[in-house]
Amino acid sequence: MIEVVSMCFKENNKFIIAMPRSSKKTKKYTLIGGKVNKEDKDIYEAVIRECIEELNVKLEKDEFKLLLEFTEKAGSDPNLTINMHMFITNHKIDSLPLPNEEVLEYKWFTIGDDEEELCDSIKLHLLPFLKEHNI
């Protein structure tokens with residue numbers, strides 16, 4: 001099992017999604033995030049690192065909170081199980097970054113739009129939680 005973190009940058013009724021290069025075949029968008037590395041002290045350090053790497057945004061620990069934890073099959077490899085730690089922040093993002101070595105595209109997703117392009121972690125866990133708790 002692999003430990004994974006993700007961050008939901010939420011603003012009003014929308015949040016940032018990314019098309020990782022590793023999702024080229026499935027064409028599914030994910031949240032900002034990735035694997036917890038051996039060098040990371042904990043999941044909080046891992047998600048802060050991922051936000052710097054993917055968005056060039058340095059968050060402080062008091063700017064976000066752990067929202068959900070769950071285990072599921074990895075979208076990129078159904079033989080792999082991940083333990084997901086999903087965080088949320090209201091940190092404002094002025095502009096989305098350009099594509100890079102890890103991400104093909106970043107964009108805003110408006111809650112209520114067609115969910116077909118979203119990965120299961122967002123469709124099956126994040127969106128129902130946000131709707132249920134009116135977040």
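## Asn100 and its surroundings

In this predicted model, Asn100 is in contact with Arg21, Glu54 and Tyr106, leaving aside its neighbours within four places in sequence. Asn100 belongs to the loop that runs between strand 5 and strand 6. Its relative accessible area is 18%, and because buried means under 20%, Asn100 counts as buried.

The side chain of Asn100 also has a polar atom that lies 2.8 Å from the backbone nitrogen of Val103. Glu54, one of the contacts of Asn100, is in turn one of the buried residues of helix 1.

## Helix 1

Helix 1 comprises the 13 residues 43–55. At the start of the helix, Asp42 places a side-chain oxygen within 3.0 Å of the backbone nitrogen of Tyr44.

Which residues of helix 1 are buried? They are Ile43, Ala46, Val47, Ile48, Arg49, Glu50, Cys51, Glu54 and Leu55. An α-helix has 3.6 residues a turn, so residues three or four places apart point the same way. The cover over the buried residues of helix 1 includes strand 1 (2–11), strand 2 (14–20) and strand 3 (32–35), together with strand 4 (64–73), strand 5 (81–89) and strand 6 (103–110).

## Two asparagines with positive phi

Just after helix 1 comes Asn56, with a positive phi of about 60°, although Asn56 is not a glycine. Asn56 sits in the loop that joins helix 1 to strand 4. Is Asn56 buried or exposed? With a relative accessible area of 67%, Asn56 is exposed, because the cut-off for exposed is over 50%.

Asn134 likewise has a positive phi, near 50°, and is a residue other than glycine. Its place is in the segment after helix 2 (120–132). The relative accessible area of Asn134 is 72%, and therefore Asn134 is exposed.

## Cysteines

How many disulfides does a search of the whole structure find? The search finds 0. Cys8 is in no disulfide, and the nearest cysteine sulfur to its own, that of Cys51, is 11 Å away. For Cys119, the closest cysteine sulfur is that of Cys8, at 11 Å, which is too far for a bond, because a disulfide requires two cysteine sulfur atoms within 2.5 Å.

Cys8 has a relative accessibility of 0% and so counts as buried. Cys119, at 14% relative accessibility, also counts as buried, and Cys51 is among the buried residues of helix 1.

Key:
Residues numbered from 1 in each chain as written. Predicted model: local features only at pLDDT ≥ 70, side-chain atom pairs only at ≥ 80, totals over all residues. Heavy atoms only, no water. Helix = DSSP H or I, 4+ residues; strand = E, 2+ residues; numbered from the N terminus. Expected span 1.5 Å × (residues − 1). Buried < 20%, exposed > 50% of the residue type's maximum accessible area, 1.4 Å probe, protein only. Contact = heavy atoms within 4.5 Å. Polar contact = N/O pair within 3.5 Å; in protein donor to acceptor, adjacent residues only side chain to side chain.
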